[in-house]
Amino acid sequence: MSFEPPSFAKINWTLEILGRRADGYHELRTILQTVDVCDQMQFVAAESNIALTCDNPAVPCDATNLIYRAAVLLQELTGCDKGAKIHLQKRIPMGAGLGGGSGNAAVALLALTQLWELDVAPRDLFRLGSQLGSDVPFFFFGGTGIGIGRGDEVYPMADITAEYLLLVNPGVHVPTREIYGNLPSELTSTPAVNKMPFSLEAAYARMRGTRWNLRNDLERPALALYPLIGQVKERLRELQAAAVLMSGSGATVFAVFESEAARAQAQQALSETGWWCATTRTLSRSEYQAALTRISDFRFRISD
């Protein structure tokens, strides 16, 4: 038995820091969105061991990899002694603010649940996902969603659509911990409890109150430490992007264009920069789930 599911990337339409939590983490409110850029994964049944390989030699294939860790956590939860050969074709840049590793981990949990014929409740998958990373639970359902808490408490929202997106990564590696460590004091000194609760309706209305009401509170420290990201943003504005924002903790910047022609012109203009560029579009929740369901009999649904 084998499965070959895709593992999609995400962008953040908004990412707000609402203060510091009692546990020392930052309280977030972020609107996440799957896009159709993806890694490709393969899962093949094996006797007992977990064997992970990747076509990118820069990707670790040991116990530090989220895919490997997801497999081990699933074995520990269920007592399963089965193994798997897992191969990752890496297309999403590493450490780029696009959730590549988190998506890999979520897809691994879903695929291995099927491969090993396990009966695992969705709440348990969410719990395992949260242990692996704050973005992982979002990749169980995709589309547009809002994340609160550390970002790992996720709720589906009405899908936001953008057909002409361009992702640009200048090749800068941005350590997430470094960015959070350099947040301005006004974002971290206020207790998070004073800025909650919220409503999904209000969050969506704020997002769509103007044509593109984007915000990322991690941009300010990221651009201060890595000014090349700011140069990417400025270049995309010059190329007539309707909206430009850094995704997650960077360094990828996404640009919204109003037409295929405008996006193609921008991509051509950036072709000599050496920056990684990828055309993409938003992936709705139904499209995301269908992409997984076509590969195998995934049983996970939001309603569970």
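Trainee: Which residue just after α2 takes a positive phi?

Mentor: This is a predicted model, in which local features need pLDDT of at least 70, side-chain atom pairs count only at pLDDT 80 or more, and totals for chains, interfaces and linings use all residues. Residues are numbered from 1 along each chain as its sequence is written, and side-chain values use heavy atoms, with hydrogens and water left out. Helices (H or I, at least four residues) and strands (E, at least two) are DSSP runs numbered from the N terminus. Just after α2, a positive phi of about 55 degrees is taken by Glu117.

Trainee: How many residues of α2 are buried?

Mentor: Helix α2 covers residues 100–115. Buried means under 20% relative accessible area, exposed over 50%, and partly exposed in between (1.4 Å probe, protein chains only). By that criterion α2 is mostly covered, and of its 16 residues the buried ones number 15.

Trainee: Which residue's backbone nitrogen does the side chain of Thr34 reach?

Mentor: Thr34 is found in strand β3, residues 26–46, and is buried, with a relative accessible area of 0%. Leaving aside neighbours within four places in sequence, its contacts (heavy atoms within 4.5 Å) include Phe138, Arg281 and Tyr288. At 2.8 Å, the side chain of Thr34 reaches the backbone nitrogen of Gly143.

Technical notes
The expected span of a helix is 1.5 Å times one less than its number of residues. A polar contact is a pair of N or O atoms within 3.5 Å; within protein, one must be able to donate a hydrogen and the other to accept it, and residues adjacent in sequence count only if both atoms are side-chain atoms.
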